[in-house]
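Here is a short briefing on a structure. Keep the sequence and the model in view as you read.

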Amino acid sequence: MTRRYRRLVDLALGGRHRIDDEMDQEIDAHVEMRIADLVRGGMSPDEARAEARRRFGDFDAARRRLHAAARQRDASVRNRDVLGSVVADLRTATRQAKRAPGFTAIAIGALALGLGATTAIFTLVERIVLRPLPFPHAEQLLAVSGLDSASREAFTVSSADWLDWRSSTALQSSAIYSFPYRQGIVAGDSAMRLTAVTATGGMFRVLGSHFVVGRPFTESDASDGTPTVVISERVWRQMFGADPQLSMPLRTATRAYRILGVVASDQGFPEGVDVWFPVDVTVQADPVRVNINWLMIARRRGDVSTDQAWAALTGVARGIRERDPTAIYDYGVATKSLTNSVIGDVSSYFRMLIATVGVVLLIVCANIAASSMARAQARAREMAVRSSLGAARVRLVQQMLLEHVWLGLVGGCLGLGLAWASIRGVLAVWGDRIPRANEVTMDGRVFAFALALSIVAGALSGIIPAMRVTRVSLSGLLQSGGRGSAAGGRNLAGASLVSLEIALALLLLTGAGLLLRSFRSVLSRDIGFDTDVATAEAALSGPLYATDTLRRYAYWDQLLAELRAIPGVQGAAVSQWIPLGLTGQGFVDVEGRDATGMGAVYRTVSEDFFRTLRIPLVVGRTFGAEDGSTTPRVAVINRVMAQRFFPGENPIGRRIRARSQEPGLHGQPAPWLTIVGVVGDIRTYGLESDARAEMYVDFRQTPRRTTSMTALVRGSTSAANLLGEIRQRARRVDPNIAVDVGTLEDRLHATLATRSLAMSLLSAFAAVAALLAALGIYGVLSFAVAQRTRELAVRSALGARRGQLLSLVLSAGLKVALIGLAFGIVGALGLSRTMKALLVGVTPFDPLTYTGAAVMLGIVVLAAILVPAVRATRMDPVIALQAE
Amino acid sequence: MATDDTLPLLKGTLDLLILKTLSWGPMHGYAIATWLEERSRGTLGVDDSALYQALQRMEGRGWLAAEWGTSDNNRRARYYKLTAAGRQRLRSESETWLRYTKSVTAILAVAERGS
């Protein structure tokens, strides 16, 4: 057996020479023997030498050929040796597995769980976080926005700033685009709504998107006035029958747009958009730098780093800031990789999850190592005998390792299935709330990862038992009759591994507990309005509505009348921006003061808005019949705004105005609005963020803002039951106007999706970890009891009471458990700090969570300890001693 | 000994002869060569270079295993012996060879009778 390994060593030390020498020796021996024979036959030594060489043909050439042949032989022998021993060991592994089906099933099951979870999370992280967006040289793509005086990122930009920034030489190209909005489309005689953005002509040049047919729009398409559009592959197939000629236009109620091209399915941006309209912001330039209504993407030059691009843009921005005091978003710029800006805060959750599954997998490995070591004590005799028969230790280690790698591979195969199923599950539940979810697939990289991880996990769980079990003292073991425990120190390593498992499980339970408490604390917050409300979003388009203000009011009045007529409806209103949706924001000035520099969310609503959403009136009044297009302009503000803008003052009767908010009034001062009431605060961006300053204006006083609004309806039953009725009644008002219906409750859930996904996954992993730790301590203790059968039987025969035997086993188990819990708490205290960003309403050191997690894990572990302990006391000493 | 009446070896025959030779026990290369010369009474021309080529190839295929040992007259030599795979190979190759020669002989006998 050692020969094989000597060969390997020889190879490392320049085996070629050794093999050539060996061949030479063999040839020389042959020649010498031949000469001896020939001389004995009567030839002279010289003649004999010549003859002996002649028999090789050309002697030197033959020698060279034989060197080559010998090397080839050596290589194939070596390959066969390694392969042969691996195959033999794998065969042994299968045999061993059959001999211990219980251990094998549990080990494979645990590995399948651990590997499956790790593979699933890896797939999600690789696809969503690590992989660049599917555009050529995606690393050059940047999301750019300005910084305010406090270096806060504005996220959006004004077209005026973009026009200045885009000239920076660090950028190859750039574009700005609107937030996605819903656009009504006429298809045949029915109306529908698609998600659209308006973008400057360079959008697709920046991205480098692949087009299925046609071409992207360009700056000249944007400026020449002919209505053109680019559509998604999905719309092209569903609405245009995949017509390669693009002969049909895309129609809205007012215009027909010539389709220039079709973007390939994953090449659109932002995700989920179906229609892109080109716009030229230089034609009717908006000179106001505070109107940050656009999002900006840019492609840096290939020879410029992101940092250099940032530096160049910062220079441009500061230059603007110096000459223009209104440039309040030019204190600097933020340049983020477009990939990161798309992923957003999901990546911090995924980082936590990948650490979590790593810990679960570690627990799995420790678990298998511990139980395999306990089991291997029984195999110590086999190892000792094999080693006495000449098996090298390295060979025994190889065998043990391969047994575990075998387990890893089988577990990995099952794990792939689990991963596939769980990714399906996650995408089914959370798919529409996770960015880039449509890009998630399992490919060759995932399989390679799973394979490599299976082997590593198998080897990791095998290395400690392999090293320990093969380090047996032969004489000691054979003398002791092979009753295990000869290696001394009663499975100390096994106990340490189980302690480690318990510590890691507690770590995860604590993390899950903290997230769970955060989630509950988020849910317990008051959102400030009733979310059991149905929404119906509609945009009035078409020649009828475009110019005729009265027509638009007529539509909304009719719609509201229809909605109020639905049986059981308790309130209906319309609003331009609804809570939990997009918002409009702007700077607000107070009459008689300098520019405040403070902003507010700006909402246009009908008079029943507050009643419908049950937003309480704090002081003054809300909008009513007394407000109309001809009466003085009024506003309602919320508490936050009242405190921020009028601290210690009465806001009622004060006059405010939003700076240049209304479209078409760029640069002109908006009219003053008199504050008539203060209402309660709402968390318009969801429970995770705080209430903002908000101002409300009456929609009858802002006719320009009435083209696109959302109706809100509160009924006596669940809002979801109203949706069908709302759709029908909206069609009755005008069949050409399509509405999107939904509920505020759904929108609320969407804002919590990431948190709930992370919490659910972490809780599931923590539960698995706790279970594994319990299994681990159960396995090790059961085995210890089985190993000490003789000792326990003797004690019992000598009169030890059951209680004494019970406490003997219990104390051994409890020691292991307590050490694990102690280390777990210390580890959790250290690690939970990294979770701080994800915690709400709970500190990373929340004592309740720590106690709860420790108690929960303690109970599970205690149950696992009790079973073997009780079994030890039930033993009949006579039978136990006879079995020996 | 390479006289005009030596027969050139048919392709593949040398492997079979070596396997057969080694079925008597481990031997070094020179012993195999002389054993073949003696048994064929000099009618088979085995080039020594070809013999060692064959030994390397067969060892590489796992039919033979080799080990250094000491010869009768105290000389270090590399001893070859059959492996289990080699024994298997010998059995199947001998069968094929015998069937083959039997068929060829039968045809030749018929042809001779006819002429």
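Two residues are in contact if their C-beta atoms, placed from the backbone, lie within 7 Å. By that rule, residues 24 or more positions apart account for 83% of the contacts in chain A with a separation of 6 or more. This is a predicted model: local features need pLDDT of at least 70, side-chain atom pairs count only at pLDDT 80 or more, and totals for chains, interfaces and linings use all residues. Residues are numbered from 1 along each chain as its sequence is written, while chains are lettered from A and ligands numbered from 1 in the order in which they are written.

**Chain A overall**

- Chain A has 26 helices and 22 strands. Helices (H or I, at least four residues) and strands (E, at least two) are DSSP runs, numbered from the N terminus.
- Of its 884 residues, 42% count as buried. A residue is buried if 20 or more other C-beta atoms lie within 10 Å of its own, exposed if 12 or fewer, and partly exposed in between; these C-beta atoms, too, are placed from the backbone.

**Where the chains touch**

- The contact takes 19 residues from chain A and 16 residues from chain B.
- On chain B, helix H2 (29-39), helix H3 (48-60) and strand S3 (76-82) each supply at least two residues of the side that touches chain A.
- H3(B) gives the largest share of that side, 8 residues.
- By class, the side of chain B that touches chain A has 3 nonpolar, 6 polar and 7 charged residues. Ala, Val, Leu, Ile, Met, Phe, Trp, Tyr, Cys and Pro count as nonpolar, Asp, Glu, Lys and Arg as charged, and the others, Gly among them, as polar.

**A helix pair across the contact**

- Helix H4 (residues 59-99) of chain A packs with H3(B) at an angle of about 10°, their axes 8 Å apart.
- H4(A) and H3(B) are therefore roughly parallel to each other (angles under 35 degrees count as such).
- Residues that meet here include A:Leu66 and A:Arg73 in H4(A), and B:Tyr52 and B:Arg57 in H3(B).

- Most residues other than glycine have a negative phi, and most peptide bonds are trans.
- A:Ser151 is not a glycine, yet has a positive phi of about 60°. A:Ser151 is exposed, with 9 other C-beta atoms within 10 Å.
- A:Arg614 also has a positive phi, about 55°, although it is not a glycine. A:Arg614 is partly exposed, with 16 other C-beta atoms within 10 Å.
- A cis peptide bond joins A:Phe269 and A:Pro270, with omega about -10°.

Note on methods: Axes are lines fitted to C-alpha atoms, for helices over the stretch in contact, and angles run from 0 to 180 degrees between N-to-C directions. Angles under 35 degrees count as roughly parallel, over 145 as roughly antiparallel, 65 to 115 as roughly perpendicular and the rest as oblique.
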